[in-house]
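The model under discussion is predicted.

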Amino acid sequence: MKKLLTAAVLSAALATPALADTTKAGFIYIGPVGDFGWTAGHDRARREMAEHFGDAVETTIVENVDYGADAERVMTQMALSGTDVIFAASFGYGPDVNAVAGRFPNVAFQHATGYIQDHPNISLYDARFYEGRAVLGHIAGKMTETNTVGYIASFPIPAVIAGINSAYLHAKAVNPDIQFRIIWTYSWFDPALEADAAETLIEQGADVIMQHTDSTAAIRVAEDAGVMAFGQASDMTQFGPNAHLTAIVDRWAPYYISRVQAVIDGTWEAQNSWLGFADGIIEMAPWNDRMPAELQAEADALVAAIAAGEYHPFTGPINRQDGTPWLAEGEVAPDGDLATMDFYVEGITADLPN
Amino acid sequence: MIRLEKRKQPSRFWRIANPFLAVALTMLAGGVMFAALGKDPLVAIRLIFFDPIFSETFASYSRPQLLIKSAPLILIAVGLAIGFKAGIWNIGAEGQYIIGALFGAGVALAFFPQPGWYIFPLMVIAGAFGGFLWAMIPAILKTRFNTNEILVSLLLVYVAERILAAMALGLMRNPDQPGFPGSRDLRRYEAAHNAELFANTGIHWGVVAALIAVIFAYVMMTRHMLGFHVQLAGQAPRAARFGGVSPTRLVVICLGISGALAGLAGMFEVSGPGGQVRIEFASGYGFTAIIVAFLGRLNPLGIVFAGLLLGLTYIGGELSQMMLQIPGAAIQVFQGMLLFFLLALDFQTNYRIRLTKGARA
């Protein structure tokens, strides 16, 4: 009896204070935190967020979680273990997030780059990567000598297609002879495949490699081949000090801090946020010194103009690939068009996989 | 002096004991690794092996999940093991799994949104047929042109993955969600949904099929002439040929069975836990099943245990990542250790260590 009582007191003492004060935030990642790209960007933000809150927030991660049943299981286990807010940091988790969110109405779900929002406890968040892609396109158009840009693309989803279009339009604007060669890997993280793709693109004459995949493989291939490349999601300079011109660096931390703060305050509500340069959610990695000073200034100006809202990367006239008009002179692309983009703009010679 | 001596007969004792010893050694070596990572090894191993089944917080959910994760592995591995016994190496179960899923989903999407009791059975037949068909490519190439089935079946996985991507982006794409790859969610189409048969047990038709396949394979391998032929062909191919076993027939049967079972697994997955045809639908079940087959000693009952054990390390691995922040890569190393120790220990089955006195002459 005495033993029982002690146990009861002990467990009561252990249970109450520890659980009441800390907010638990769970993260699930499609890749390893050591990808030096996309997942690394999210984990960087997670650590920054954890540091910001100190003991008030406890974070946990599960990496390399496949879409589908695996993701559903991991998120369910997180919810069962008392997690208050779950960040699902990849596009493909959509159906899984929605399935789990329906069963745990008291858990807040934050789905990166998603589009399905069937329950009131799901927030969607995304960055306007096409803004950064415009800058990359401008730089690529100016820097290429072969007038050929190689593009390693992951999945043909709106965000990736909009990125290709944005880069192409801005390369074309400064270099009318520009050609884009595009290879689809159907994967976010596959270093071997990305290296193969980079080699193929270089063989096809590309001297600037752009990627919408998460590993550093292409940067290394570009470095060895003596061509140029852009990093993805994180500053990848260390993997190709000569090749790496710049990168769109994801900075999710301010957003993560604000969302976790809302959970702590009890004011969390579902949102759909699409943030860009203006919100500090993306920024450009330092320009490589091989970029002429004039070009560096142009790139700075382009970033500033987009951030200030003076310039939108998709401003008409722009036609679709088949020649039909999309945006009239001076017209700016509505967000809805960009969020569901499933066509190339005029001038791109490749075909969208279908 | 330590000497290795080949046994006249493989040791029955070690054949059975090795898997258990391998698990124990994996726990030990894994524990050392977890300790080196600064994690409590006992807690880590408890999280991986026990909490998914016994923990108060997780077990009610993860126990059924164990069946969901293991059923496709077992279903595929049982088929593969029959071929492996005969020395017919189907390495491309992943491809057959994908094609089976596409055939099954194709039937469902063709009938959408019509109700009908016959739709699901048709999907089952289509799924098995799809996997069978995909396995017939290496089978026919082998029997007609003597190509290597290992290479052909493996390379066909990549072809299947491309077909899957094309389907998710084209023909099978959900017309209500333009711009995004992926088919309709079959879980929301009642006639095609491979739902849980009993609530919160994790038992869906795929689990039932796995069970039936295990019994079927067991009876076939131990009681039926075909099983005898398979064993004979694997152990003494020349004798088998003299004994009237047709190698061509055997190749077709073994690849056909394993292909059909892999196709079934894919179909049950896409209509249930997986939910829809997506580019990333295949998550390596077809390859993991090869490990399961060997871990289970190519024996149907062994495969059941091996499938459950591997499923457990997956689910427990996620738990230990989540609760203890063990890196995902360390979990993969841990799973790798399991196979490594098993294969390393296998030498005991065929060899014995002899301590001999003095130097050899």
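## Contact between the chains

In this predicted model, chain B contributes 32 residues to the contact and chain A contributes 31 residues. On the side of chain B that touches chain A, at least two residues each are supplied by helix 3 (59-85), helix 6 (149-169), helix 12 (300-324) and helix 13 (328-345) of chain B. Helix 12 of chain B provides the largest share, six residues.

Sorted by class, the side of chain B that touches chain A consists of 16 nonpolar, twelve polar and four charged residues.

## Domains of chain A

Two domains divide chain A: domain 1 comprises 2-128 + 252-279, and domain 2 comprises 129-249 + 283-339. A distance of 31 Å separates the C-alpha centres of domain 1 of chain A and domain 2 of chain A.

Contact between these domains involves 19 residues of domain 1 of chain A and 20 residues of domain 2 of chain A. On the side of domain 1 of chain A that touches domain 2 of chain A, helix 2 (residues 38-53) of chain A gives the largest share, four residues. That side of domain 1 of chain A contains ten nonpolar, seven polar and two charged residues.

## Helix 10 of chain B

Helix 10 of chain B spans residues 247-271, 25 residues in total. From first to last C-alpha, helix 10 of chain B reaches 36 Å, close to the 36 Å expected at 1.5 Å a residue.

Helix 10 of chain B is largely enclosed by the rest of the structure, because 20 of its 25 residues are buried.

Technical notes
Residues are numbered from 1 along each chain as its sequence is written. Chains are lettered from A and ligands numbered from 1 in the order in which they are written. This is a predicted model: local features need pLDDT of at least 70, side-chain atom pairs count only at pLDDT 80 or more; totals for chains, interfaces and linings use all residues. Domain bounds come from an automatic or database domain assignment. Two residues are in contact if their C-beta atoms, placed from the backbone, lie within 7 Å. Ala, Val, Leu, Ile, Met, Phe, Trp, Tyr, Cys and Pro count as nonpolar, Asp, Glu, Lys and Arg as charged, and the others, Gly among them, as polar. The expected span of a helix is 1.5 Å times one less than its number of residues. A residue is buried if 20 or more other C-beta atoms lie within 10 Å of its own, exposed if 12 or fewer, and partly exposed in between; C-beta atoms are placed from the backbone.
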